[in-house]
Amino acid sequence: MATRVKRGIFERMWARKSIAQVQRETETSELKRTLGKWNLLLLGVGCIIGAGIFVRTGSAAALHAGPAVLLAFVVAGIVCAFAGLCYAELSSTLPVSGSAYTYGYTTLGEFVAWIMGALLLLEYGLAASVVAVGWGGYVVSLLADFGLQIPPQFTGPAGYTLMRDGVPVLVDGQQVTTLFNLPAFLICLSLAALLVVGVSESAKVNNVIVAIKVSVLVAFIVVGGLIVLANFGDLSARNWTPFIPENQGEGKFGVDGIMRAASIVFFAYIGFEAVSTAGQEAKDPKRDMPFGIIGSLVVCTVIYMMVAAIMTLLVPYNQLNVPDPVAVVVDNFGASWSWLAKIIKIGAIIGLTSVVLVLMYAQTRIFYTMARDGLLPRVFSAVHPKFKTPYINTILVGVITAVAAGFFDINVLGDMTSVGTLAAFAIVCLSVIYLRRTAPDLPRGFSVPLYPVLPVLGILSCLYLITTVPWSVLVFFLWYMAGGVVLYFVYGIHNSNLQSGRGQDPAPEMGEFPAPVGEQP
């Protein structure tokens with residue numbers, strides 16, 4: 001009988017899956033190289049434009065950058081470009097499916113893969129909570145347009161003073177202290193139930209959702225732009241003077257505030273990874289991948305800057321610290337545009353609903369993959385006998401996202417999402433450097449230009465933006481990661497299939513739910 005060689009703890013922590021092993025575990029089909037550079041650019045634009053611009057832009061302007069939030073979008077786009085090029089190289093080099101979790105497992109080892117799994121809970125799970133809070137804000141605003149009111153104390157996080165237009169909301173002469181965000185809580189639980197039952201979204205449905213989402217922004221830019229052009233002198237003097245408010249310290253305004261705002265609006269770029277995952281289908285990945293990634297980031301940055309310019313010109317920036325900044329601005333278009341304001345809010349709600357659904361779906365599949373690898377209890381890979389979905393882990397994800405959305409402030413949730421995503425991107429950049437050194441002859445469909453400068457800049461810029469978030473968020477993040485490390489040594493390292501010599505657990509038959517292209521934060 002064969003005996004297993006006992007390995008030291010460090011050797012076990014850095015154990016890696018071979019590329020051949022991941023290939024065997026990944027059910028893939030032969031993909032045709034049919035995507036040209038313009039296909040990739042449009043794919044990227046559809047993926048990037050999402051909930052971030054509808055939700056977080058207002059707080060970035062109100063609390064940190066003022067009108068200079070436009071510059072924050074440029075900074076965040078550059079950081080994403082560094083990470084995006086690294087994603088492109090990995091996706092064209094490692095013929096694997098899955099997320100950055102799989103990249104980490106194949107390059108840097110099991111411990112890093114575990115850390116990546118913990119970070120992806122912040123990128124997807126908490127991102128779903130952020131979008132759900134934004135969804136709740138737009139629903140409350142739309143219902144108010146029709147004379148329907150949700151009790152105000154049930155429309156915000158626990159223990160916060162309810163604000164509107166920069167001033168406290170008064171009911172019977174008293175300020176309202178919010179107890180619970182009921183709409184955000186309910187949408188998370190509802191969509192979790194939908195995921196348990198099983199959903200299959202066709203490409204046609206997805207295309208309609210993307211069209212609605214983009215049309216809402218186009219309508220906002222066109223109508224808002226016309227109003228701005230007709231009154232630019234007065235509006236700029238009133239709301240853009242000064243363009244960069246004086247630095248008040250602690251990341252409030254000035255250059256420091258712009259950098260702090262960049263870590264916030266960074267949320268609006270999450271989703272460009274979808275371009276990198278199309279490397280297997282690009283006609284000429286060496287030429288087309290950088291065009292698709294950089295081009296889509298440039299296009300989206302221009303669109304975001306136009307939206308932010310209209311926001312901060314039409315409404316004083318200090319009134320935009322709300323979960324539904326676009327709704328606040330369209331309400332200022334004037335009474336003659338009230339019909340358009342309702343349409344824009346409905347379009348935003350439809351788009352945000354789909355984003356929450358897909359983010360929750362993505363998180364359940366990460367848990368599912370980790371459970372099949374033995375790093376999480378196998379109950380998380382249990383599939384419902386009738387619905388063919390990983391129902392237990394879907395219920396858990398639903399509860400986590402609902403509680404976070406119901407009780408926590410959107411700015412805290414958003415900062416946690418950005419920190420987790422930035423850390424994950426830094427690890428991806430590090431993976432490229434590691435793989436270049438350890439496997440220089442591995443065939444690469446696309447290689448990061450100016451190596452190693454761009455991967456190093458990607459790591460440093462991600463780490464820098466992490467340092468701009470409030471210290472309280474960083475402390476929570478460090479405790480969260482410390483808990484994750486303890487959990488790995490208590491459970492993961494002892495139950496890992498890779499450590500025990502087992503293959504990945506066989507994949508049970510599941511109902512299909514293709515994540516729609518273009519539905520990201």
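Phe253 lies in the loop between H11 and H12. In this predicted model, the phi of Phe253 is near 70 degrees, a positive value in a residue other than glycine. Phe253 is buried, its relative accessible area being 6%. A second residue with positive phi is Lys388, at about 60 degrees, although Lys388 is not a glycine. Lys388 is placed in the loop between H16 and H17 and is partly exposed, with a relative accessible area of 30%. Most residues other than glycine have a negative phi, and most peptide bonds are trans.

Cis peptide bonds also occur in loops of the model. One joins Thr241 and Pro242, with omega about 0 degrees, and Pro242 belongs to the loop between helix H11 (232-239) and H12. Another joins Tyr451 and Pro452, with omega about 5 degrees; Pro452 lies in the loop between H18 and H19.

The chain as a whole contains 21 helices and 6 strands. Of its 521 residues, 57% are buried. Among contacts in the chain with a separation of 6 or more, 83% are between residues 24 or more positions apart.

Helix H19 (residues 453-467) comprises 15 residues, which at 1.5 Å a residue should span 21 Å; the end C-alpha atoms are 21 Å apart, in agreement with that expectation. Buried positions in H19 are Leu454, Pro455, Gly458, Ile459, Ser461, Cys462, Leu465 and Ile466. An α-helix has 3.6 residues a turn, so residues three or four places apart point the same way. The cover over the buried residues of H19 includes helix H6 (69-93), helix H12 (254-265), helix H18 (410-438) and helix H20 (471-495).

Helix H9 (residues 182-197) has 16 residues and reaches 23 Å from its first C-alpha to its last, close to the 22 Å expected at 1.5 Å a residue. In H9, the residues Pro183, Ala184, Phe185, Ile187, Cys188, Leu191, Ala192, Leu195 and Val196 are buried. These buried residues of H9 pack against H8, helix H16 (338-372) and helix H17 (391-407).

Two helix pairs were examined in detail. H6 and helix H14 (residues 285-314) pack at an angle of about 160 degrees, and their axes are 9 Å apart. The two helices, H6 and H14, are therefore roughly antiparallel to each other, and H6 passes H14 in a right-handed crossing. Residues of H6 that meet H14 include Val69, Phe73, Gly77, Gly84 and Ala88, while those of H14 that meet H6 include Met289, Ile293, Leu297, Met305 and Thr312. The residues of this contact divide into 17 nonpolar, 4 polar and no charged.

In the second pair, helix H7 (residues 100-107) and helix H8 (residues 110-145) pack at an angle of about 165 degrees, with axes 7 Å apart. H7 is thus roughly antiparallel to H8, and the crossing of H7 past H8 is right-handed. At this contact, Ala100, Tyr101, Gly104 and Tyr105 of H7 meet Glu110, Ala113, Met116, Gly117 and Leu120 of H8. The residues of the contact of H7 with H8 comprise 6 nonpolar, 2 polar and 1 charged.

Met416 lies in helix H18 and is buried, with a relative accessible area of 2%. Apart from its neighbours within four places in sequence, Met416 is in contact with Leu122, Leu126, Val473, Phe476 and Phe477. Met416 and Val469 are separated by 53 residues in sequence and by 8.9 Å in space, C-alpha to C-alpha.

Key:
Residues numbered from 1 in each chain as written. Predicted model: local features only at pLDDT ≥ 70, side-chain atom pairs only at ≥ 80, totals over all residues. Heavy atoms only, no water. Helix = DSSP H or I, 4+ residues; strand = E, 2+ residues; numbered from the N terminus. Expected span 1.5 Å × (residues − 1). Buried < 20%, exposed > 50% of the residue type's maximum accessible area, 1.4 Å probe, protein only. Contact = heavy atoms within 4.5 Å. Axes fitted to C-alpha atoms, helices over the stretch in contact; angles between N-to-C directions. Parallel < 35°, antiparallel > 145°, perpendicular 65-115°, else oblique. Left-handed = near helix turned anticlockwise from the far one by under 90°. Nonpolar A, V, L, I, M, F, W, Y, C, P; charged D, E, K, R; others polar.
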